[in-house]
Amino acid sequence: MADDTKKKLPRKALPPDAHIETLAVREGLPATPWGENSEALFLTSSFVHPDAATAAARFANEEEAFVYSRFTNPTTMMFERRLAALEGTEAAIATASGMSAILLMIMGLLKAGDHVICSRSVFGATIVLFEREFGKFGVQTTFVSQTDVAEWRAAVRPNTRLLFAETPSNPMTEVCDIAQLAEIAHAAGAFLAVDNCFCTPALQQPVKLGADLVIHSGTKYLDGQGRVLAGAICGSDKLINGTFMPVMRGAGMSLSPFNAWVVLKGLETLSIRMAAQSANALKLAQWLEQQPAVDQVYYPGLPSHPQHALAMKQQNNCGGAVVSFTVKADAGQGADAQRLRQAAFHVIDQTRLCSITANLGDTKTLITHPGSTSHGRLSEEQRLAAGITQGMVRVSVGLEHIDDLTADLARGLHTLND
Ligand SMILES: *Cc1c(COP(=O)(O)O)cnc(C)c1O
């Protein structure tokens with residue numbers, strides 16, 4: 001059946017030029033006949049049809065309707081529509097986690113014999129997924145520099161189908177040039193997908209810079225309060241509903257309606273959380289730069305950051321809310337890995353407010369030692385190649401008062417070599 005004759009689900013009447021802040025609280029589905037103001041949570045696995053013929057039309061996809069929550073649920077659809085509106089894409093599809101969004105993307109786009117180019121600095125589980133799991137099915141991945149565009153260009157092969165980037169990177173906060181990577185991808189007839197977890201659409205809209213697909217871990221800033229796992233892919237209607245939806249129907253990496261509802265409500269405060277947490281992060285980064293016990297600060301909002309100008313252009317003049325820094329070990333005792341690790345552990349262990357956890361994107365400030373947690377399974381050589389020393393500490397800055405955060409870190413930094 002032609003798409004224009006297909007019976008569609010209703011849309012909310014919103015101004016065509018509504019801003020992101022408005023879309024974040026208003027986009028979704030129209031209210032039910034009960035007129036609820038806050039979006040309803042539909043905990044139901046299946047949906048009832050008025051008669052057998054309607055059921056048949058809905059199963060044949062001739063009528064857009066809710067059928068079964070593996071692939072259609074009103075709460076999940078509200079989250080998908082709202083996130084797509086924020087990213088400026090035609091559509092979005094929700095998944096159970098950020099990792100399952102990447103799994104769905106690869107199952108939908110690629111087949112054995114296809115080739116992927118991926119930044120070496122992406123999320124650790126993403127590297128494992130590409131290298132080990134997709135490798136088993138004959139999809140090969142070349143890992144390249146986060147920042148050297150020439151390496152991406154040189155890695156292109158005739159069978160390259162996808163470029164995959166994440167910016168800024170974790171924990172080094174290195175920024176890659178989305179517009180340039182989009183050019184390379186499109187010249188090669190490939191797609192560019194960007195993991196937008198660190199910036200969220202409040203700061204960066206990769207599709208506006210030329211990306212084809214945006215990957216999200218809703219677990220991080222979209223929920224923003226550390227409550228549920230969630231994920232999504234945003235992109236064109238053709239890719240989301242034509243390519244990925246059939247895979248979702250078969251493979252079922254579906255987001256639960258409850259988790260969709262939590263993240264949907266999280267989106268309402270996304271812009272103000274990102275602005276407030278980024279402002280806190282900038283102040284913290286500036287303060288850290290002044291501390292004698294701190295060796296280096298990694299934060300795209302600082303002029304000292306190697307990709308500061310690109311970050312400001314690409315991220316709406318904002319550095320985001322993740323700051324990393326390295327501590328100095330006592331020079332007299334040698335700055336070897338063990339001393340650096342002790343110094344970093346000391347700073348972390350002296351905090352009383354910060355939560356020691358490797359998660360990120362919470363209203364609470366989270367602190368972690370990448371060298372022994374998120375990047376602990378790498379060899380010391382791999383870690384050093386990525387710039388992650390044992391003296392590195394990563395802070396996902398929350399909404400606490402900045403003076404309380406600096407006091408929390410000062411306790412350890414000021415007693416480092418006592
Ligand atoms: C956490 C994270 C993921 C994975 O998301 P989950 O929801 O934990 O599966 C992917 N990419 C980035 C950048 C992340 O930080």
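## Chatting through a two-domain model

Biologist: Hi! How is the chain divided?
Modeller: The chain splits into domain 1 (20-267) and domain 2 (272-413), with bounds that come from an automatic or database domain assignment. This is a predicted model, where local features need pLDDT of at least 70, side-chain atom pairs count only at pLDDT 80 or more, and totals for chains, interfaces and linings use all residues. Residues are numbered from 1 along each chain as its sequence is written, and side-chain values use heavy atoms, leaving out hydrogens and water.

Biologist: What separates the centres of domain 1 and domain 2?
Modeller: Taken over C-alpha atoms, the centres of domain 1 and domain 2 are separated by 28 Å.

Biologist: And how many residues are in contact between them?
Modeller: On the domain 1 side 28 residues are in contact with 32 residues of domain 2. Contact means heavy atoms within 4.5 Å.

Biologist: Let's talk about the lysine. What does UniProt say about Lys220?
Modeller: An unreviewed UniProt entry annotates Lys220 as "modified residue: N6-(pyridoxal phosphate)lysine". UniProt positions are given in the numbering used here, feature names are shortened, and annotations may be inferred rather than shown by experiment.

Biologist: Where does Lys220 lie?
Modeller: Lys220 is in the loop between strand S6 (213-217) and strand S7 (231-235). Helices (H or I, at least four residues) and strands (E, at least two) are DSSP runs, numbered from the N terminus.

Biologist: Is Lys220 buried or exposed? And what does Lys220 touch?
Modeller: Lys220 counts as buried, because its relative accessibility is 10%. The scale is this: buried means under 20% relative accessible area, exposed over 50%, partly exposed in between (1.4 Å probe, protein chains only). Not counting residues up to four places away in sequence, Lys220 touches Phe123, Cys197, Asn359, Leu360 and Gly361.

Biologist: New topic, the largest nonpolar core. Which residues touch the most other members?
Modeller: Phe79, Leu83, Tyr221, Leu267 and Leu270 do, out of 39 residues in that core. A nonpolar core is a set of buried Ala, Val, Leu, Ile, Met, Phe, Trp, Tyr and Cys residues joined through side-chain atoms within 4.5 Å.

Biologist: Which elements give two or more residues to this core?
Modeller: They are helix H1 (20-26), helix H3 (74-87), strand S1 (91-95), helix H8 (200-203), S7, helix H10 (257-267) and helix H11 (270-289). H3 gives the largest share, six residues. At least three residues come from each of domain 1 (20-267) and domain 2 (272-413).

Biologist: What does Phe79 touch?
Modeller: Beyond residues up to four places away in sequence, Phe79 touches Ala94, Gly231, Ala232, Leu255, Ala260, Val263, Leu264 and Leu267. There is also a second, separate core of 32 residues, which includes Val116, Phe130, Val139 and Leu239.

Biologist: How do H4 and H9 cross?
Modeller: The axes of helix H4 (residues 98-109) and helix H9 (residues 237-251) come within 9 Å and cross at roughly 110°. Axes are lines fitted to C-alpha atoms, for helices over the stretch in contact, and angles run from 0 to 180 degrees between N-to-C directions. H4 and H9 are therefore roughly perpendicular to each other. Angles under 35 degrees count as roughly parallel, over 145 as roughly antiparallel, 65 to 115 as roughly perpendicular and the rest as oblique.

Biologist: Which residues meet there?
Modeller: From H4, Leu104, Met105, Met107, Gly108 and Leu109 meet Leu239, Thr243, Phe244, Val247, Met248 and Ala251 of H9.

Biologist: Backbone next. Where are the cis peptide bonds?
Modeller: One runs from Thr167 to Pro168, with omega near -5°. Another joins Asn170 and Pro171, with omega about 0°. Pro168 lies in the loop between strand S4 (160-166) and helix H7 (178-187), and Pro171 is found in the loop between S4 and H7 too.

Biologist: What about phi of Thr173 and Thr200?
Modeller: Phi of Thr173 is near 55°, a positive value in a residue other than glycine. Thr173 lies in the loop between S4 and H7 and is buried at 1% relative accessibility. For Thr200, phi is near 65°, again positive in a residue other than glycine. Thr200 lies in helix H8 and counts as buried at 0% relative accessibility.

Biologist: Last one: what does Gln315 touch?
Modeller: Gln315 touches Pro168, Val175, Cys199, Leu203, Gln204, Pro300 and Gly320, not counting residues up to four places away in sequence. Gln315 is buried, at 0% relative accessibility.
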